[in-house]
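Reader: I have a model on my screen and want to learn how to read it. Can you take me through it feature by feature?

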Amino acid sequence: MPRIACRIAIVTMLALSVFTTTAQSRWTEIPGIDLSKFKPSDFTDQELDIPYYLKHFHTFANSVTETGADKGFINIHVWRSPNDNKPYNARIMENILSLAWFYCTNRPWNIYYSSPALRVRLEAALSFWCRIQHTDGRFSEYGALKWNLPATAFATKFMGETLRLLKAGPPIDAAVLQNTIDADRKAIMAVLTMEDLYQHGRNYSNQYTNVWAGALAYLSLFPDADISKLLPERIKRSASDFQSPAGFFYEAGGTDFGYNFNTHHSNLWMAYHYSRGTPLAGSFIEEEKRFYNWIGYNAVPEPGSIYFTINRAIEMRQKATTTMSYFTISPLGEAVEGIRAFNLNSEEKQKAIAGARKKLEENWPNVPPLAPGEFSTFSPYAFLHRSHFQWYPSPQQKEAAYKKLPYIKSDKFIHQKMDSRQPTVFTYVRQPGYYACFNSGPRLKPQQRYGIGLLWHPKAGSFLQSQTDTENAAWGTKPESGKLFEADTLNAIFSINNKTIEPAPGNRDLKAGTLMISYALGNDGKKSIAFKEKNIIIEVQHRGRFTEYIPLLLNSTDSVQLISPGKVILQKAGESITILYNAAAKADLEETTLRAGKQRVVVLNLESNDSISYSFNMD
């Protein structure tokens, strides 16, 4: 070997040796933090939840695998189900955003900002994420090489925010960063171009619409002609494919309040942040108008509370009892008035901040413990929306929107919504003394329950809510040996003033009058519900012994009593709701462990032979 070549080789080997030694030394333990060295006032109003994540960040960050084929995998059960915490699952790697946020956020309390030990873990995690991607851009979730839509589309959302942080933050290895940018683009293009992924999104809209957020975040950093062309086309096509004419976004082919409120609205929040003021934002605004028309009929307010109770038993996947389980802010409220009734107003937000600060100060420096094994004890969602546009209505704006809710605006109407894919019908009745939601159609998922889903009193609030996936706490009829009839397909017949009404897809007000709904109870009976001006009358005929289940909702100051054979009185917020029934029926009250927001579920059981008649009376 020529002398000069030999010298170059030696220098190169020495350089590599130094680099390797340096790289190895950077895999030092990330230290914990002593919160007592800081004080609550060091954290802004938007950072009051950060001390929890700051305290546990070292445990989380030190879980990044250091060596071997899985180098860079986040090996701790703090995001997603523990059973799914596998190296092939790209959903686990959404938590790269948490690593990037602490690495890139320059705040006096953030001892991890620009940390070399954190950088090497972040680079390893990004490199691992790139390695587990299919060459066509997809990622897997539930098994090695089992590529799917959610693993791919969710990745674009979280990586979009990660890349935004990295662009403005401390440096990382240029090659790692470029590989990550390329991988993110491939994932975006896969979602926007693969027809099978789109078809899956038609039934699971929350999964697909992650790419609205991910693609728009990417375009804000890297102009791209292909993505700029494909994205509006997909958004336009999805308007009718992802959203029912009834207003809900499809989940498992039906409705689901949890996914609609939570994940889908996370996607819309981020998408609106990047599209605000552009034509694309108009598409999101229009779909939100349709969605909140749907919500305006299916969620009712509780007196003296920011809770809205949901007509929940029709849900397909999750189990949401009230709106407070999910997002209480949406920036689209600035453009969609219907959103404002359900979101925190500016004063309520400040009150929530004051409460959070007081709690932080009272417990300082203690924070809740990390709970490995729980689904989201260290979630990337904690860092996703911190830089995104927020908007809160004023108290006056919220009140104005509240007054336009259909059952507030009017005390007398019959309204019906129907899906176009499935003959699922949702019927809403407002009379001066009550508001009722009735659901019918084919059973799409075992957890669904049909029939009366929700009853609401204009002063006392909700007093009946059928409970998802239950046999004894869902409104309905159950034979002595058999299952709840309302837990199966319910083909209802509708009539107003004895004239049959044929449901039609979409939304429409029906003419005034007395609505009668009837349906068969298997082969041995029938049931009818008459929605009269001052009461609701239910008639049940079924051969043999059966039980009628009536799930009532009670706050801590409410009461329900068996007054005498044939009479039950529910006292709520100073109002009385009387339930009258055949005195020969056997009645009892059953406490459950179920809750709907702050209300507990108490079931009135009416047991009878062959027939029963009972009524809800709201004077």
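This is a predicted model: local features need pLDDT of at least 70, side-chain atom pairs count only at pLDDT 80 or more; totals for chains, interfaces and linings use all residues.

Reader: What is the mean pLDDT of the chain, and how many of its residues reach 70 or more?

Author: pLDDT is the predictor's confidence in each residue. The chain averages 94, and 95% of its residues reach 70 or more. Over residues 1–25, however, the pLDDT is below 50. Beyond near neighbours in sequence, that stretch has two contacts in the model.

Reader: Now helices. How do I read the two sides of one?

Author: An α-helix has 3.6 residues a turn, so residues three or four places apart point the same way. Take helix 10, with its 17 residues. Its buried residues are Ile227, Leu230, Leu231, Arg234, Ile235, Ser238 and Asp241.

Reader: Which exposed residues does the face of helix 10 turned away from its buried side carry?

Author: Ala225, Lys229, Lys236 and Ser240. Ser240 counts as exposed because its relative accessibility is 55%, and the cut-off for exposed is over 50%. The C-alpha atom of Ser240 is separated by 9.5 Å from that of Glu287, 47 residues apart along the chain.

Reader: What do the buried residues of helix 10 pack against?

Author: They pack against helix 6 (174–193), helix 7 (195–203), helix 8 (205–208), helix 9 (210–221) and helix 13 (279–298).

Reader: Which residue caps the N-terminal end of helix 10?

Author: Asp224 does. One of its side-chain oxygens lies 3.1 Å from the backbone nitrogen of Asp226. Helix 6 has a cap at its N-terminal end too: Asp173, with a side-chain oxygen 3.0 Å from the backbone nitrogen of Ala175. Among the buried residues of helix 6 are Val176, Thr180, Asp184 and Leu192.

Reader: Is helix 2 largely enclosed or largely open?

Author: Nine of the twelve residues of helix 2 are buried, so the rest of the structure largely encloses it. The buried set includes Tyr52, Tyr53, His56, Phe57 and Phe60. Their cover includes helix 3 (96–104), helix 4, helix 15 and helix 16.

Reader: Which residues of the largest nonpolar core touch the most other members?

Author: Leu99, Phe102, Trp294, Ile536 and Phe616, out of 179 residues in that core. Another core lies apart from it, with nine residues, among them Ala473, Ala474, Ala596 and Val601. Now zoom in on Phe616. Leaving out residues up to four places away in sequence, its contacts include Leu455, Phe463, Ile536, Ile550 and Thr578.

Reader: Is Arg138 buried or exposed?

Author: Arg138 is buried because its relative accessible area is 16%, and the cut-off is under 20%. Arg138 sits in the loop between helix 4 (116–131) and strand 1 (139–140). Its side chain makes a polar contact of 2.9 Å with the side chain of Asp136. Not counting residues up to four places away in sequence, Arg138 also touches Gln133, Trp147, Thr152, Ala190, Met194 and Leu197.

Technical notes
Residues are numbered from 1 along each chain as its sequence is written. Side-chain values use heavy atoms; hydrogens and water are left out. pLDDT is the predictor's confidence in each residue, from 0 to 100. Contact means heavy atoms within 4.5 Å. A nonpolar core is a set of buried Ala, Val, Leu, Ile, Met, Phe, Trp, Tyr and Cys residues joined through side-chain atoms within 4.5 Å. Buried means under 20% relative accessible area, exposed over 50%, partly exposed in between (1.4 Å probe, protein chains only). Helices (H or I, at least four residues) and strands (E, at least two) are DSSP runs, numbered from the N terminus. The expected span of a helix is 1.5 Å times one less than its number of residues. A polar contact is a pair of N or O atoms within 3.5 Å; within protein, one must be able to donate a hydrogen and the other to accept it, and residues adjacent in sequence count only if both atoms are side-chain atoms.
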